[in-house]
Amino acid sequence: MNSKVQLDPASIPSRQSQVSAEEWQLRVDLAAAYRLVALYGWDELIFTHLSARIPGDEHHFLINPFGMMFDEITASSLVRVDQDGNKLDPNDFDINPAGFTIHSAVHAVREDAHCVMHTHTTEGVAVSAQQEGLLALSQQSLFPLSNLSYHDYEGVALREDEKARLQADLGTTNFMILRNHGLLTVGSTVADTFLNMFILQRACEIQVATLAGNRALTPIPAGIVDTIKQQADQVTKGMGGKLAWPGLLRKLDRVNPGYAD
C-alpha cells in the first residue's frame with residue numbers, strides 16, 4: 001500500500017497471516033467498532049478516531065487510515081503505529097496527526113485502557129459546550145457520572161504539550177467530555193469501550209432533548225448518583241460490553257459485512 005494505491009478496502013490484501021492471532025482478533029473487533037460507530041450515526045466523515053493497543057511492551061496501537069470512511073474500515077486496513085506516530089509498516093496509509101495526539105496520550109499512561117474511542121456527535125459536542133456538563137437527568141447519565149472527567153478546549157489537538165494536561169484530567173476515569181469538542185471513552189476491551197460510548201452518547205442525547213422541552217426538570221437525587229458505581233457493576237455482571245458485543249457483530253454481519261477482511 002502506498003500513496004499511489006486508491007484508498008479502497010478492496011485493494012488492501014488480508015493481513016491475517018502476517019500478524020498473531022491475538023492481534024488479528026483485535027483488528028477484527030476494532031474494525032467492527034468503526035462500522036458500528038457509522039451504523040449508529042456517530043461518525044463525522046473521515047474524522048475522529050478509535051484505537052486499540054496491541055499487547056506488548058512497545059505500546060504500539062492500531063488506528064484508522066486517514067481518508068477511509070468508517071463504514072468501510074477493515075481489519076487489514078488498520079494502521080499500526082508506535083508512540084511517536086511512526087507507521088510500523090511504511091506501506092501503510094497515513095494517519096491523522098490530531099487523532100494520534102489524543103490517543104497516544106491515553107495509551108502512554110493508562111495500561112488498563114486497551115481501547116480509546118473519540119467522537120464529535122452533535123449531542124456530545126452540545127453537552128461539552130454546556131457549562132454544567134453532563135447532568136443527572138436520566139438513568140443513562142448515572143453510569144458515566146460515576147466515572148467522568150473533563151478536559152478544557154485548547155484548539156485542534158496537535159500540540160505535544162497538551163498531552164500531559166489531557167492525561168492528568170483523564171486520571172483513572174473511563175468517560176471524558178472534551179470541552180467544546182466531543183466525547184471520549186476508554187476500556188479494557190473494544191466491546192467495553194464501545195458500550196461506554198453508547199451509554200455516554202445516549203445520556204447526551206437525552207439531555208439535549210430534555211433541555212429542549214422547556215419544562216421544569218426533575219434531577220436525580222444526589223444519594224442515588226453517589227451509589228451508582230456499585231449498581232452499575234451489578235447491572236453488567238462485571239462483564240460490561242461482553243454481553244452485548246456478539247449481538248452487535250451479528251447485526252453488522254446482516255447490514256455491513258466485510259469488517260473482518
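The legends below describe several close-up views of a predicted model.

**View 1. Helix α1 and its cover.** Helix α1 covers residues 21-39, and 15 of its 19 residues are buried, so that the helix is mostly covered, buried meaning under 20% relative accessible area. At 1.5 Å a residue, the 19 residues of α1 should span 27 Å, and the computed separation of 27 Å between its end C-alpha atoms agrees with this. Just after the helix, glycine 41 takes a positive phi of about 80 degrees.

View 2. The side chains of arginine 27 and glutamate 23 meet in a salt bridge, with an N to O distance of 3.0 Å. Both residues lie in helix α1, where they are 4 residues apart, or about one turn of the helix. Arginine 27 counts as buried at 1% relative accessibility, and glutamate 23 is likewise buried, with a relative accessible area of 4%.

View 3. Because tyrosine 34 belongs to helix α1 while phenylalanine 70 sits in the loop between β2 (61-63) and β3 (79-81), the pair ties together parts that are 36 residues apart in sequence. Tyrosine 34 and phenylalanine 70 are both buried. Elsewhere, ring pairs link Tyr40, Trp42, Phe194, Phe198 and Trp245 into a cluster.

**View 4. Strand β4 and its neighbours.** Strand β4 (residues 115-119) has 5 of its 5 residues buried, so it is largely enclosed by the rest of the structure. Cys115, Met117 and Thr119 point one way from the strand, whereas Val116 and His118 point the other way, and all are buried. Strand β1 (residues 49-53) runs antiparallel to β4 and is joined to it by 4 bridges, with leucine 50 having methionine 117 as its bridge partner in β4. Strand β7 (residues 182-187) also pairs with β4 in the antiparallel sense, over 5 bridges, and here threonine 119 stands opposite leucine 183.

View 5. Phenylalanine 47, which lies in the loop between α1 and β1, counts as partly exposed at 34% relative accessibility.

**View 6. A salt bridge within helix α6.** A search of the whole structure finds 13 salt bridges. Arginine 202 forms one of them with glutamate 205, and their closest N and O atoms are 3.1 Å apart. Both residues lie in helix α6 (residues 190-211), 3 residues apart, which is about one turn of the helix. Arginine 202 is partly exposed, with a relative accessible area of 32%, and glutamate 205 is also partly exposed, with a relative accessible area of 25%.

**View 7. A network of salt bridges.** Salt bridges that share partners join Glu154, Arg159, Asp161 and Arg165 into one network. Aspartate 161 counts as partly exposed at 42% relative accessibility, as does arginine 165 at 35%.

Conventions. Residues numbered from 1 in each chain as written. Predicted model: local features only at pLDDT ≥ 70, side-chain atom pairs only at ≥ 80, totals over all residues. Heavy atoms only, no water. Helix = DSSP H or I, 4+ residues; strand = E, 2+ residues; numbered from the N terminus. Buried < 20%, exposed > 50% of the residue type's maximum accessible area, 1.4 Å probe, protein only. Phe/Tyr/Trp six-rings, centres within 6.5 Å; stacked < 30°, edge-to-face > 60°. Expected span 1.5 Å × (residues − 1). Pairing = 2+ DSSP bridges. Salt bridge = Lys/Arg side-chain N within 4 Å of Asp/Glu carboxyl O.
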